[in-house]
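Please look at the chain shown here, first as a whole and then at the places where its parts pack together. The report below moves from a pair of helices to the nonpolar cores and the domains.

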Amino acid sequence: MTQAEIKLCSLLLQEHFGEIVEKIGTYLIRTGPQPLRMIVNDTGLVLDQVKKALCVLIQHNLVTYQLQKRGFVEYEAQCKRVLRILRYPRYIYTAKTLYNDTGELIVEELLLNGKMTMSAVVRKVADRLTETMEDGKTMDYADVSNTFVRLADTHFVQRCPLVPETPESPDAPPPPAPTLVINEKDMYVVPRLNLVGKGKRRRSCDEEEEGEPKAKKQKQDGESSEPPPDDGIYWQVNIDRFHQHFRDQGIVSAVANRMDQTSSEIVRTMLRMSEVTTSSSAPYTQPLSSNEIFRSLPAGYNIVKQVLDQYLTLLADDPLEFVGKSGDSGGGMYTVSILYFWTLSPFRPLIYFPLPLRFGSRCARIFRLLLRKKHLEQKQVEDFAMIPAKEAKDMLYKMLSENFVSLQEIPKTPDHAPSRTFYLYTVNVPSSARMLLHRCYKSVANLMERRQYETKENKRLLEKSQRVEAILASMQATGAEEAQLQEIEEMITAPERQQLENLKRNVNKIDASENQVDETIFVLESFIESTVKKP
């Protein structure tokens, strides 16, 4: 765990959960698994505060607990899971792209709350969608429920582990910590719910005052009602499934750049057919026959079977090996190589992002040359890259000092004499990927600190703008005249309005930069994991 990762985790926890949760989360990340007593003693917080903070972290899967042999419970922070908070906007946008506004709000509610029952999610999303609709229109619970079922069928949401049902014995004391289990077959099974109703709008203050007895009666009726039929069945976002979708999009984009749009659509169809049956860590997709692929192509693609077979043959014969042939039955069995895609994908950000900006285009040329040739002496680098000896030497030493390239010594004699030793430059891709990943973490942390600084410097102006907007909204609701509204708007002067626009533009740039860096982080993390996990 590097200092850059710890700092970024601390900033993410503070921004989303506050200082107390951030203090406990950072302490667990730095120290590793700790019992409750040690957390209270070392952080100096009140026991009740520590318990509530741990509940929040466990609710969001940021901390796990384990019962030790001596009988006490240890809590351990999941640093990788904390870093996934940075990718929440991308998860939500992907859900919006695939399942419209309803899917977007379902994923957003699950990410905001950690774990929720399906009935609670459906009601909350229906109410939020109803708020955005025109007067007289409402969102039906059934429509939201259908979208939730589609998310579960495609494994974007999954059930949380439950406490197993065991016969209670009055003499046996309860365990210090429950053991949560779940059957893989039940992870995506949606309970049969008959959710009947429509979304409700928030009542204004005047309506609540006028209908106070009725509201109290509704509240009492709600409290006396029975628990929902899915009580105890909680759902969470399946982050690995979203990562699998990002990976599939990258493969399709790579095939489109290499071949053409038709080839990418064939690969997209193969990935879609195996998206549920293939594990996110599998090196290859499940074998698919040419006949199955032909039947699953989109309706708008008028490709005859013979043309499809030609495309599959071209993809299988391509040196990049995105598609491999594994048999001849059913017109030919084909798979998509996921592992080989990750071995290629980090080259683009490694070459085209940091090197030209940091060292210039000639260094990027040398780096690309070393990637292709594997091992080269300095004289060979000069000749192949067509760069003068002095400049090539200077560039190689710069990249060597920054750990972009490494130097390997091959002695002719046991005494390692410099005159009888070959010095070969090479690129250690996993090491370069880790170095670049570390810099990406530092970049995101710097961006977050800059956004906090910009917001803090303009805190007074932001509070004034919010007060003016609240006054305007209340006056518009009461039917104020245009002159009165104009007078309220003039409370913010022209220079202040210009300052607010600059702040908004700067914050938007920082947010966009965070998302762009996170895309590089995802590629690098996936590549490093693929080099560690053997197929």
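## A pair of helices

A crossing is called left-handed if the near helix is turned anticlockwise from the far one by less than a right angle, and right-handed if clockwise. Helices here are DSSP runs (H or I, at least four residues), numbered from the N terminus. This is a predicted model, in which local features need pLDDT of at least 70 and side-chain atom pairs count only at pLDDT 80 or more, while totals for chains, interfaces and linings use all residues. Residues are numbered from 1 along each chain as its sequence is written, and side-chain values use heavy atoms, with hydrogens and water left out.

The crossing of α6 and α7 is right-handed. Among the residues of α6 that meet α7 by contact (heavy atoms within 4.5 Å) are Asp 101, Leu 105 and Leu 110, and the α7 side includes Val 121, Arg 128 and Leu 129.

## Nonpolar cores

A nonpolar core is a set of buried (under 20% relative accessible area, 1.4 Å probe, protein chains only) Ala, Val, Leu, Ile, Met, Phe, Trp, Tyr and Cys residues joined through side-chain atoms within 4.5 Å. The largest one has 103 residues, and Ile 24, Trp 235 and Leu 370 are among those with the most contacts inside it. Helix α21 (residues 429-457) gives this core its largest share, 11 residues. Apart from it lies another core, of 21 residues, including Val 255 and Phe 322.

## Domains

An automatic or database assignment divides the protein chain into five parts, among them domain 3 (242-336) and domain 4 (366-427). The centres of domain 3 and domain 4, taken over C-alpha atoms, are separated by 40 Å.

Technical notes: Buried < 20%, exposed > 50% of the residue type's maximum accessible area, 1.4 Å probe, protein only. Helix = DSSP H or I, 4+ residues; strand = E, 2+ residues; numbered from the N terminus.
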